[in-house]
Amino acid sequence: MRHQPGSAALGALLVAASLLVPVAPGAAAPDLDATVAAVASQLHQSWNADPGIASLAWPAIEVLPAGQTPASACPGAGTAAGAAGAAQSPALLCAASGKLLLDRSRLEKAASRHGEWGVAYWVGIGLGTAILGHRGPSRLAPAAANLQANCLAGVLIGGTGLQPTPQDPPRPDAVVAPANGAYATALAEQMGTRSQRSYALLTGLGMTELAGCSDSAMDELAGDRVPDPALLGALATGTDRAAFNTMGVMGRRCRPLPNAPCPRRLPGFTGKK
């Protein structure tokens, strides 16, 4: 992760802290709260810089006390569409309160496995869901809707300086690891397959041949119909270093496509079916 030096970093942290709902004293270890605050600060800047969503309300972000899950803390979450997946997710936009609820224990595990990148992924997923919430009920099947949230997370993250922490030895799947391991294989029907989620995240980051996060694009991805099927196939191999290196996943950067500049933006998507 890239950080600002000296007093600039302190100022950024103070600004970031204001984006979070205060957590009761003693309810949490402060390190995760600081990480979420720093990640949220960058994502908030990306949100405000995107003409397609800058006018939308930024949701309050609450890191729940240890032992409390987002589904249990949100009235009516168990009856919502996609409840099976929501119950497994460490990030949930609660329709009743409008807050983005984060599971402390799950995010601590994500941070231990993937560093700040793991936290950025889940906060990005929650914010992607918040963007979709402004459009009303989705017409997409649950899997495609979750792929869309992954894609939007990639768009938001792509407008920041967030990136996976370098590892030694390098892991070719570091960028997609949080998406790949987000849900158990048994939830693929509700949340998309591991490779589909990984591809959706890379699409938002501008690293695939798919130009955007539209309903039609995500519906096609849910059916494994993409313009670069070799990449989708490589992603399905998970930690196969040779496959990832062959597809150049390690060195991929956002690539401009017709009507899709870098970083990706949402003016042509937000509010449209």
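This is a predicted model: local features need pLDDT of at least 70, side-chain atom pairs count only at pLDDT 80 or more; totals for chains, interfaces and linings use all residues.
Reader: What makes the contact of Glu 62 and Lys 99 a salt bridge?

Author: A salt bridge requires a side-chain nitrogen of Lys or Arg within 4 Å of a carboxyl oxygen of Asp or Glu. The N to O distance for Glu 62 and Lys 99 is 3.4 Å, so the pair meets the definition. Glu 62 belongs to strand 1 (residues 61-63), while Lys 99 sits in the loop between strand 2 (91-93) and strand 3 (100-102), 37 residues apart.

Reader: Why is Glu 62 called buried, and why is Lys 99 called partly exposed?

Author: Buried means under 20% relative accessible area, and partly exposed lies between that and over 50%. Glu 62 has 18% and is therefore buried; Lys 99 has 28% and is therefore partly exposed.

Reader: How do you know that Asp 215 and Arg 135 form a salt bridge, and what does the pair tie together?

Author: Their closest N and O atoms are 3.0 Å apart, and the cut-off is 4 Å, so the pair qualifies. Asp 215 lies in helix 11 (residues 215-222) and Arg 135 in the loop between helix 6 and helix 7 (142-158), so the bridge ties together parts 80 residues apart in sequence. Both Asp 215 and Arg 135 are buried.

Terms used: Residues are numbered from 1 along each chain as its sequence is written. Side-chain values use heavy atoms; hydrogens and water are left out. Helices (H or I, at least four residues) and strands (E, at least two) are DSSP runs, numbered from the N terminus. Buried means under 20% relative accessible area, exposed over 50%, partly exposed in between (1.4 Å probe, protein chains only).
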